[in-house]
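Have the sequence and the 3D view open as you read.

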Amino acid sequence: MDSAEGIRLRKLQALRPIQTKPIKEMPQSSDLDDHFLKEEEEEPLSPAGRLFHEPNFNIHVIAIMGCKTKIYPDVFKANLPHTLLKHPRFSSLLDKKDGGTMKWVRTKVNLDKHIIIPDMDSNMNSSSSGDKYLEDYIYNLTKTTIDKSRPLWDLHLLNIKTSEAESVVIFRTHHSLGDGISLMSLLLACMRQISNPEALPTLPTAAKKKNGGPTKIGFVGRIWRCFLGVWWVLQLLRNTFVDVLVFIATALFLKDTQTLIKGPSGSEFKPRRIVFKIVSLDDMKLIKNAMDVTINDVAVGITQAGLSKYLNRRYGLDQDNKNTQIENNNNLPNKIRLRSILFVNIRPSGGIQKASAFFQRLFTSTTMAFSNVVGPLEEIGFYSHPMAYLAATTYGQANELMVNFQSYVNKMTIVLSVDEDTIPNPHQLNEDIAESLKLIKDFITKKELAN
């Protein structure tokens, strides 16, 4: 697979087109043109789609994919029409007419306007210079929005060697095309397993806990089980009531503490510095099994620990502390409120402008956003280009910090999307999160060896 010919010989015909809704009744040839005109009728945007086109909620999704080989653009151009472009959203224009109603209108896609191949510096030979080029390239990309005169996506092919890959693919879409999970699923549908070029990627499913089988329970046991059931319901109702109150309070007046990683309003209009670090998914699984929690719990835990360490250091330096043991001191202010928000789909509401203002208040009242996306279990290829890692994030949101976890085989990529004016050293924050994972893993390992 070191040549273009080798890539093309990987049974590209095995890539099955993405299935769309079948035509219920095919008209006669005389009515064929009218039929396809009906098939391409304008479709209005969903409420969530319209929300993402509000000026203060103009969010883009970026998927960064490292390749183990050189990229061959002709292979992408040959396969995209049979896969990604079969989905209506990726072959439709955003049209605004009829009193401001936004609609999707099918159009012919010119791939030359969607596939971007930047000129690379021939003197850039080291992987460290490649890492810096990639980081700056994405940073400059976040200064722009996708041209609405064509379908809202583009694909950037960078034949540049970095510390983690031989080349990099950057897939950018507007968030109105779909939520992060659906966009990632659609992208994975264009890929195939390296070990089996005809098989789609496999995603892990939640393992069901094994039941030991029916057991006889006495009268006292049944009474105790009923009591526990009632107590569980009461606790659920209490927690739900408290969560609803906190949610409403956050939307109205309750704001996070103004820490060093929470800046002034307006960050949604600033470019983003996007950095990532790859850690071991096996280490996270070790912690998960030892503590009987989920991978998401581990991701949240190490993020919280990393943020505490990062903030403690910055507050120590901000106080002009001459002590060389700054990190060993507690420099954090008392009673910090630091919360995260997750992106969710929006149901029909009284008005997109009202929804936009509502979610804007939620974002500006909290400090960060967080997500954890499950990736394939086996190595995959993007049109026969083997993937080294996957990393996804967003820009255009009102938080100064976005933390994304993306798994791939036995790797976990931690991606940070930050406002540099508020978080000037995101690499250090990423290192602190990774170091927190290592500290917890080492503690568990030593404890198991001691036992």
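## Ground rules

A residue counts as buried under 20% relative accessible area, as exposed over 50%, and as partly exposed in between, using a 1.4 Å probe and protein chains only. This is a predicted model, where local features need pLDDT of at least 70 and side-chain atom pairs count only at pLDDT 80 or more, while totals for chains, interfaces and linings use all residues. Residues are numbered from 1 along each chain as its sequence is written, and side-chain values use heavy atoms, with hydrogens and water left out.

## The overall picture

The protein chain has eleven helices and 15 strands. Those labels are DSSP runs numbered from the N terminus, with helices being H or I over at least four residues and strands being E over at least two. Of the 451 residues in the protein chain, 44% are buried.

Contact here means heavy atoms within 4.5 Å. Take the contacts in the protein chain with a separation of 6 or more: residues 24 or more positions apart account for 76% of them.

## Salt bridges across the chain

Side chains of opposite charge can pair when their charged atoms come close. A salt bridge is called when a side-chain nitrogen of Lys or Arg sits within 4 Å of a carboxyl oxygen of Asp or Glu, and a search of the whole structure turns up 16 of them. One of these joins Glu379 to Lys68, with the closest N and O atoms 2.9 Å apart. Glu379 lies in the loop between β11 (368–373) and β12 (380–382), and Lys68 in the loop between β2 (60–67) and α4 (73–79), so this pair ties together parts that are 311 residues apart in sequence. Glu379 is partly exposed, at 36% relative accessible area, and Lys68 is partly exposed too, at 38%.

Asp112 and Lys77 make another salt bridge, at 3.4 Å between the closest N and O atoms. This pair links distant parts of the chain, with Asp112 in the loop between β4 (101–106) and β5 (115–116) and Lys77 in helix α4, 35 residues apart. Asp112 counts as exposed at 56% relative accessibility, whereas Lys77 is partly exposed at 30%.

## A charged network

Which residues are linked in a network of salt bridges? They are Lys132, Glu135, Asp136, Arg273 and Glu420. Within it, the side chains of Arg273 and Glu420 meet at 3.1 Å, N to O. Arg273 is in strand β9 (residues 273–280) and Glu420 is in the loop between β15 (411–418) and α11, so the pair ties together parts that are 147 residues apart in sequence. Arg273 is buried, at 9% relative accessibility, while Glu420 is partly exposed at 26%.

## Where α8 meets α11

How do helices α8 and α11 cross? The axes of α8 (residues 281–291) and α11 (residues 426–450) come within 10 Å, and the crossing angle is roughly 55 degrees. That makes α8 oblique to α11, because angles under 35 degrees count as roughly parallel, over 145 as roughly antiparallel, 65 to 115 as roughly perpendicular and the rest as oblique. The axes are lines fitted to C-alpha atoms, for helices over the stretch in contact, and angles run from 0 to 180 degrees between N-to-C directions.

On the α8 side, the contact uses Asp283, Met284, Leu286, Ile287, Ala290 and Met291, and α11 brings Leu437, Ile440, Lys441, Ile444, Thr445 and Glu448. By class, the α8–α11 contact has eight nonpolar, one polar and three charged residues. In this scheme Ala, Val, Leu, Ile, Met, Phe, Trp, Tyr, Cys and Pro are nonpolar, Asp, Glu, Lys and Arg are charged, and the others, Gly among them, are polar.

Asp432 is buried, with a relative accessible area of 3%, and touches Gly306, Lys309, Tyr310 and Arg313, not counting residues up to four places away in sequence. Over in strand β10 (residues 340–341) you'll find Ser340, which is partly exposed at 39%. Leaving out residues up to four places away in sequence, Ser340 touches Met368, Ala369 and Phe370.

Two backbone angles are worth a look. Phi of Lys335 is near 55 degrees, a positive value in a residue other than glycine; Lys335 lies in the loop between α9 (295–318) and β10 and is exposed at 81%. Tyr383, also a residue other than glycine, has a positive phi near 50 degrees. Tyr383 sits in the loop between β12 and β13 (385–395) and is buried, with a relative accessible area of 0%.
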